[in-house]
Amino acid sequence: MTNFTGLAGNPALFFRPVALYGSFIVGFLDDLKRQADALKAQQTGDSASLERNSALTEAACKTVFSYLNNLAPQLNVLKPASHARFTLDRQNAFDALRLSDFRVDSRRKQLRRDEVFEFLVLHWQLKSGRMLQLMKDFLPDIEKLESKLRQSGVEVENEAVRNPDNGKLQGRRYTFVADFHGSVRITPLHDSASLRFQLQNLDGFEAISLELPAIDVGSARMDELARWIAGQPHAFLKDSQNLRRTEA
């Protein structure tokens, strides 16, 4: 027969595993609590950082909106001449086109608990008033012209030209008034406290995109943009980020 007297005489042998298990539970819960507290602190910090970034971005947007609304009427009176050459093909290029019909658009959206700017746009036209009808019969010439026409913003009648005798395709005919469009579109990136600028047809048929920290977008920077639009030397692109030019 087994003798349990020795075991019964030492109660610690029975209670020690329970005590150890209890220590394990308390230690694990403490560790979970520390992890949870650290995560909550990080989330609170992240939220505060996002709020600060959003406030900086909105302040910059308000500056831009006010500036553009004051700039557009002045440019509509002055109608500055563009410094760029707008080339459709070897026979059709336009110099010193006057910029006119400036207008400002904007839209707002909901971001977290606040209403903020979604985008701001300054539009204008570069009018020549010339009616053109261009015929292209070589695929690379067709592709090149169509790219420039898309970039220009003109409304185009595009039709296939066929041989009247056999119906064979001879090329394509493009009919349009050579009145082009330009714009500056500003998209706020609230979480990163920056603004993305997308510029159309300032230096010819091309698109330019770049980003600037919101804190750098004030009246001085907007003055440089106004100089660029007015065809004067400018430093708008200085220290810009993610600069990209795409020619049509």
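Is Asp105 buried, partly exposed or exposed, and what is its relative accessibility? Asp105 counts as partly exposed, because its relative accessibility is 29%. Welcome to this structure, which is a predicted model. The points below go from charged pairs to the core, then to a hairpin, a loop residue and the surface.

**Salt bridges**

- The model has 14 salt bridges.
- One of them joins Lys136 to Asp89, with the closest N and O atoms 2.9 Å apart. Lys136 sits in strand 4 (residues 114-136) and Asp89 in strand 1, so this pair ties together parts that are 47 residues apart in sequence.
- Lys136 counts as buried, at 12% relative accessibility, and Asp89 is also buried, at 12%.
- Asp105, our opening residue, has Arg103 as a salt-bridge partner, and their closest N and O atoms are 2.8 Å apart. Arg103 is partly exposed, with 44% relative accessibility.
- Arg227 and Glu224 meet through their side chains at 2.7 Å, N to O. The two are three residues apart in helix 4 (residues 219-229), which means that about one helical turn separates them.
- In that pair, Arg227 is partly exposed at 34% relative accessibility, whereas Glu224 is buried at 18%.
- A network of salt bridges links Glu51, Arg112, Arg113 and Asp191.

- In soluble globular proteins, nonpolar side chains tend to be buried together.
- Here the largest nonpolar core has 50 residues, and Phe180, Phe197 and Ile229 touch the most other members. Helix 2 supplies the largest share of this core, eight residues.
- Beyond its neighbours within four places in sequence, Ile229 is in contact with several residues, among them Leu75, Phe102, Trp124 and Val184.

**A hairpin of two strands**

- Strand 1 and strand 2 form a hairpin with two residues between them. They run antiparallel and are joined by four bridges.
- Phe86 stands opposite Phe94 of strand 2.

**A buried loop residue**

- His190 lies in the loop between strand 6 (169-189) and strand 7 (194-200). His190 counts as buried because its relative accessibility is 5%.
- Leaving out residues up to four places away in sequence, His190 touches Asn53, Ser54, Thr57, Glu58, Leu111, Val116 and Phe117.

**A nonpolar patch on the surface**

- Phe28, Leu29 and Leu32 make up a nonpolar surface patch, with about 290 Å² of accessible area together.
- Phe28 belongs to helix 2 (residues 12-78) and is partly exposed, at 45% relative accessible area.

Methods: Residues are numbered from 1 along each chain as its sequence is written. This is a predicted model: local features need pLDDT of at least 70, side-chain atom pairs count only at pLDDT 80 or more; totals for chains, interfaces and linings use all residues. Side-chain values use heavy atoms; hydrogens and water are left out. Patches are made of residues with over 30% relative accessible area and no salt bridge: like charges are joined within 9 Å, nonpolar side chains (Val, Leu, Ile, Met, Phe, Trp, Tyr) within 5 Å. Accessible areas come from the Shrake-Rupley method with a 1.4 Å probe; for residues, only the protein chains shown count as cover. A salt bridge is a side-chain nitrogen of Lys or Arg within 4 Å of a carboxyl oxygen of Asp or Glu. Buried means under 20% relative accessible area, exposed over 50%, partly exposed in between (1.4 Å probe, protein chains only). Contact means heavy atoms within 4.5 Å. A nonpolar core is a set of buried Ala, Val, Leu, Ile, Met, Phe, Trp, Tyr and Cys residues joined through side-chain atoms within 4.5 Å. Two strands pair if DSSP finds at least two bridges between them.
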